[in-house]
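Please examine the sequence and the structure shown below.

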Amino acid sequence: MLRQLKQRHLSSVNAMRETYIPMLSVEGVSKTFHAGTVDERIALTDVSLKLAAGDFAVVVGGNGAGKSTFLNMLAGEVTPDSGVIAIDGRDVTPLPTHRRAQHIARVFQDPSIGTAAALSLEENLAVAHRRGAKRGFSLGLTTALSGEFRDRIASFDLGLEKRLKAKASLLSGGQRQALSLLMAVLQRPQLLLLDEHTAALDPRTAEIVMRVTHQVVTESRLTTLMVTHNMQHALDYGNRLVMMRDGRVVGDLSGDAKRAMTMEKLMATFNETPDAAMTVNA
Ligand SMILES: Nc1ncnc2c1ncn2[C@@H]1O[C@H](COP(=O)(O)OP(=O)(O)OP(=O)(O)O)[C@@H](O)[C@H]1O
């Protein structure tokens, strides 16, 4: 009887392993710009990465490492020369940006990109709430919805709940980036892309936006990929640390290996590691 139970347990564990589908799967993606010309630039070479649902991966790398190309490729703005990108098991490689937008949300470096300056905070949120809705031009900003927005934005502790009727143009860069974040996650995307979204902010504001980022990502268990040049943020946030150099993933740390990473070791990795892949998963 015990043997039978153990056998049944093992079969179900194996079945779960076989049916495991990563939320993001990138397999052998390469990209060369202006191939065969004097301007040829190899941006990505055979990049593979899998993120499980709820993974928060921080991507770091020096200038020209391929981070932006990688992010643009996930968003659908750059087409890979080879390789496959799948979201929750669905091959999205041939889909253009607007067709991927139902699965992917993105927050950019410039706080003004994600929000409409002439609309109030709650109108901006209503637009985000309606994203993908097929019928009607009305924002559908009911009292109940407005109350929902107030509660969510109040949880950021930035006082924005008192400014729901204010135009987005009146917000500071950090407040506007917090609004962009909330707008991006309102429809619970399958993948959240953070494109150096704190780079244009002063250090104190960047910390506030990172606190809000951590809050929205962990509360909703969003699968997230954040590109940053801020090594401290790379150490402090996320459960995965992905290092890129010369168009390749040269390191992928998680668990204890990520927790054990220090600023000194991280800097040394970039200065000393040859291009050969170095993957440390715990
Ligand atoms: N549209 C493009 N046309 C030509 N070359 C490009 C293009 N986009 C990127 N590249 C080249 O691809 C390589 C990778 O660039 P990418 O911008 O992806 O790196 P990055 O890691 O984001 O760098 P940075 O941190 O400086 O933004 C570089 O050599 C870059 O010059």
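The points below concern the confidence of the model, the ligand shell, the sheet and a pair of helices.

This is a predicted model, in which local features need pLDDT of at least 70, side-chain atom pairs count only at pLDDT 80 or more, and totals for chains, interfaces and linings use all residues. Residues are numbered from 1 along each chain as its sequence is written. Helices (H or I, at least four residues) and strands (E, at least two) are DSSP runs, numbered from the N terminus.

**Confidence**

- The average pLDDT of the protein is 89, and 87% of the residues score at least 70; pLDDT is the predictor's confidence in each residue, from 0 to 100.
- Over residues 274-282 the pLDDT falls below 50, yet this stretch has 23 contacts in the model beyond near neighbours in sequence. Two residues are in contact if their C-beta atoms, placed from the backbone, lie within 7 Å.
- The model has an ipTM of 0.97 and a pTM of 0.88.

**Ligand shell**

- Among the residues that surround the ligand are F33, H34, R41, N63, K67, S68 and T69. A residue is near a molecule or strand if its C-beta atom, placed from the backbone, lies within 6 Å of it.
- Both β2 (41-51) and α2 (67-75) supply at least two residues of this shell, and α2 gives the most, with 3 residues.
- By class, the shell holds 3 nonpolar, 7 polar and 2 charged residues. Ala, Val, Leu, Ile, Met, Phe, Trp, Tyr, Cys and Pro count as nonpolar, Asp, Glu, Lys and Arg as charged, and the others, Gly among them, as polar.

**Sheet**

- Four strands form an open sheet in the order β2-β1-β4-β5, with antiparallel pairing; two strands pair if DSSP finds at least two bridges between them.
- The edge strands, β2 and β5 (90-91), each pair on one side only.
- Strands β1 and β4 run antiparallel and are joined by 5 bridges; S30 has S82 in β4 as its bridge partner.
- Strand β4 (residues 82-87) is joined to β5 by 2 bridges, and A86 stands opposite D91 in β5.
- β4 and β5 form a hairpin with 2 residues between them, and D88 in the turn has a positive phi of about 50 degrees.

**Helix packing**

- Helix α4 (residues 121-130) packs against helix α5 (residues 143-154) at an angle of about 105 degrees, with their axes 10 Å apart. That makes α4 roughly perpendicular to α5.
- Axes are lines fitted to C-alpha atoms, for helices over the stretch in contact, and angles run from 0 to 180 degrees between N-to-C directions. Angles under 35 degrees count as roughly parallel, over 145 as roughly antiparallel, 65 to 115 as roughly perpendicular and the rest as oblique.
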